[in-house]
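Take a look at the protein below, and turn it around a few times if you can. Then let us walk through it together, one part at a time.

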Amino acid sequence: MSYVDGFVLAVPKAKLDDYKKLANLAGPIWKEHGALAYVECIGDDVPYGELTSFPRAVQAKDDETVVFAWAVYESRQSRDAVMAKVMADPRLTPDWGPMPFDMKRMIFGGFQPFIEL
C-alpha cells in the first residue's frame with residue numbers, strides 16, 4: 001500500500017500566482033525524485049466552520065484562500081528517500097525572497113492509507 005503526505009495552508013489571494021509558480025516548480029521535482037503523484041488544489045467550497053474547518057485550521061484571513069495538497073509515494077521508506085532528495089535539490093533553494101504564504105500556519109503530515117479503491 002502507498003504512503004501519502006498531506007498539506008493544508010493559507011495563501012494570500014494577492015500572492016496566488018507566486019504560489020502557483022512555486023508549486024509548478026516543485027511538483028515535477030517531487031515526481032522526478034520518485035513521488036507517484038503530486039496534487040495542489042485551491043479551495044473552491046471551503047466554508048469557515050463554527051468549530052472546525054480548513055480555513056480555521058490554518059487561520060485563513062479574509063484575503064486568503066486555502067490550498068490542499070498531497071503527494072503519493074510507494075511506501076514510507078520511499079517517501080523518506082524522496083524527501084531527502086527533494087530537500088537537497090538545488091532547484092528548490094534559489095533566492096525566492098519571502099515565501100508566498102505563512103509557513104508557520106501550514107499543516108502537514110504523513111499518512112498510511114488503510115483503504116485504496
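## The largest pocket

Keep in mind that this is a predicted model. Its largest pocket holds about 580 Å³ of space. Rolling a probe the size of a water molecule over the atoms shows where empty space is left. In this pocket, 26 residues form the lining, and Phe-7, Trp-30, Met-87, Met-103 and Met-106 are the ones nearest the centre.

Which elements give two or more residues to that lining? They are strand S1 (3–12), helix H1 (16–32), strand S2 (37–42), helix H3 (76–88) and strand S4 (107–111). H1 gives the most, with 5 residues. Sorted by class, the lining of the largest pocket has 19 nonpolar residues, 4 polar ones and 3 charged ones.

In soluble globular proteins, nonpolar side chains tend to be buried together. Here the largest nonpolar core has 11 residues in all: Phe-7, Leu-9, Val-11, Leu-16, Tyr-19, Leu-22, Ala-23, Val-67, Ala-69, Phe-101 and Met-106. At least two residues of this core come from each of S1, H1 and strand S3 (64–73). H1 gives the most to this core, with 4 residues.

Leaving out residues up to four places away in sequence, Phe-7 touches Val-67, Phe-68, Ala-69, Trp-70, Met-106, Ile-107 and Phe-108. There is also a second, separate core of 10 residues, with Ile-29, Trp-30, Ala-71 and Val-82 among them.

## Helix H1

H1 has come up under both headings, so here is a closer look at this helix. H1 has 17 residues and reaches 24 Å from its first C-alpha to its last, close to the 24 Å expected at 1.5 Å a residue.

Which residues of H1 are buried? They are Leu-16, Tyr-19, Leu-22, Ala-23, Ala-26, Gly-27, Ile-29 and Trp-30. An α-helix has 3.6 residues a turn, so residues three or four places apart point the same way. The buried residues of H1 pack against S1, S2, S3 and H3. After H1 comes Gly-34, whose phi is positive, near 125 degrees.

## A buried arginine

Now find Arg-79, which lies in helix H3. Is Arg-79 buried or exposed? Arg-79 counts as buried because its relative accessible area is 13%, and the cut-off for buried is under 20%. Setting aside residues up to four places away in sequence, Arg-79 touches Tyr-3, Asp-5, Tyr-73 and Gly-110.

Phe-108 sits in strand S4. Why does Phe-108 count as exposed? Its relative accessibility is 58%, and exposed means over 50%. Not counting residues up to four places away in sequence, Phe-108 touches Gly-6 and Phe-7. The C-alpha atoms of Phe-108 and Trp-70 are separated by 9.1 Å, with the two residues 38 residues apart along the chain.

Gln-59 is not a glycine, although it has a positive phi of about 55 degrees. Gln-59 is exposed, with a relative accessible area of 53%.

Conventions: Residues are numbered from 1 along each chain as its sequence is written. This is a predicted model: local features need pLDDT of at least 70, side-chain atom pairs count only at pLDDT 80 or more; totals for chains, interfaces and linings use all residues. Side-chain values use heavy atoms; hydrogens and water are left out. On a 1 Å grid over the protein atoms alone, a cavity is a set of points where a 1.4 Å probe fits but cannot get out, and a pocket is an open set with protein on both sides within 12 Å along at least five of seven lines; lining residues have an atom within 4 Å of a point. Grid points are joined across faces, edges and corners, and a volume is the space filled by probe spheres set on the points. Ala, Val, Leu, Ile, Met, Phe, Trp, Tyr, Cys and Pro count as nonpolar, Asp, Glu, Lys and Arg as charged, and the others, Gly among them, as polar. Buried means under 20% relative accessible area, exposed over 50%, partly exposed in between (1.4 Å probe, protein chains only). Contact means heavy atoms within 4.5 Å. A nonpolar core is a set of buried Ala, Val, Leu, Ile, Met, Phe, Trp, Tyr and Cys residues joined through side-chain atoms within 4.5 Å. The expected span of a helix is 1.5 Å times one less than its number of residues.
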